[in-house]
2 protein chains.
Amino acid sequence: MNHFDWDHSFYVDFDLAAGFSEKAEPTRRYLSQMKDMYYDSAAAEKILKTEDPLIYEFYELGFPEREGDLAFGTTILYPGKVGNEYFMTKGHFHTKLATAEVYYTLSGEGCMVMENPEGDTLEMPLVKGQALYVPRRYAHRSVNTGKDPLVMFFTFQADAGHDYGTIETKGYHKMVVEKGGETAVVPNPKW
Amino acid sequence: MNHFDWDHSFYVDFDLAAGFSEKAEPTRRYLSQMKDMYYDSAAAEKILKTEDPLIYEFYELGFPEREGDLAFGTTILYPGKVGNEYFMTKGHFHTKLATAEVYYTLSGEGCMVMENPEGDTLEMPLVKGQALYVPRRYAHRSVNTGKDPLVMFFTFQADAGHDYGTIETKGYHKMVVEKGGETAVVPNPKW
């Protein structure tokens, strides 16, 4: 996975609007891999009978998990819904909990849903041309509330680590849904 | 300087092409503040007799120098030359030497000039739509070799610190000049 020389500089392309990269490696997440994360599991099963949509993909570099290095790449989150819940990334805590992350939105619109281990929640807009700061200690999931792909350039400490498990068990405290034609942040009934 | 809540998320605008921000604070560096960094000091003095050009500006957020946080912003480096040496940033080592930095070029073209304390040098192109990795332990200075502003979105560990002094004494081992209509990286005669 690690084709880049982290001790002697390198460059890598990321399309400034679409987010795609020729040099970086894509990881793709389809609905079948995360169907249990959506509240309306019947709606997820119904979609999966006819297709397995690509929810998001991210381009990363196989970085070394070393102190002082930075990991970076792009995430492309597609528009769509499962029931009335918008397409979203799995989201994660950092294993080294007190490490932040920066998301610079290159195109599209959406929402970053965050929560810390104490259950404090934060929801912030993701808007083209704005950088969003995910503070230390907050799990973070991006949600596409628009009609076009949501594209973000992200950076975090390379030794932060990803902890998906903690948040997979019950999901986030909040979910982002379409309600009467509007975007709404509502409590997750599983909590 | 610190208007942002680093413990509870915030967002800040950075124009995706021009780099300007309304919410972040600009710092501006004029030729008079860095005239001794250019090799051709007579050319610098000659320019300063009639004007004091803005060489570059950067938009930052007054970040807390805490472990786990990230600093980020944009740099806008204007086109021009002092003698045959292209406009450039001061450049710096990180005080916490073994910390990297990511530069994502939003527009323009140029070159990143890097060197470590042992005197090993690296020069890499800065190209719109490419992210450049400045490895740990390398001082770094960007140079505008084009005709338009060179605009970069950068991120680094907030506790990295900036050490300008070390590199100010004698400058970098290499300089970037126009030579016979071409861009050339040449040894700095001061070394």
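This is a predicted model: local features need pLDDT of at least 70, side-chain atom pairs count only at pLDDT 80 or more; totals for chains, interfaces and linings use all residues.
Conventions. I take local features at pLDDT of at least 70 and side-chain atom pairs at pLDDT 80 or more, while totals for chains, interfaces and linings use all residues. Side-chain values use heavy atoms, without hydrogens and water, residues are numbered from 1 along each chain as its sequence is written, and chains are lettered from A in the order in which they are written.

Extent. I looked up the contact (heavy atoms within 4.5 Å) and found 42 residues from chain A and 42 residues from chain B. The buried area (accessible area, 1.4 Å probe, that the two parts lose on being put together, summed over both) is about 3,600 Å², with 63% of it on carbon and sulfur atoms.

I counted 2 salt bridges between the chains, taking a side-chain nitrogen of Lys or Arg within 4 Å of a carboxyl oxygen of Asp or Glu. One of them joins A:R136 to B:D69, at 3.8 Å from N to O.

Chain A side. Strands are DSSP runs of E, at least two residues, numbered from the N terminus. Those supplying at least two residues each include β1 (10–13), β8 (101–107) and β11 (130–134). The largest share, 5 residues, comes from β8(A).

Pairing. β11(A) pairs with β1(B), residues 10–13, in the antiparallel sense over 4 bridges; DSSP must find at least two for a pair. I noted B:D13 as the bridge partner of A:Q130.
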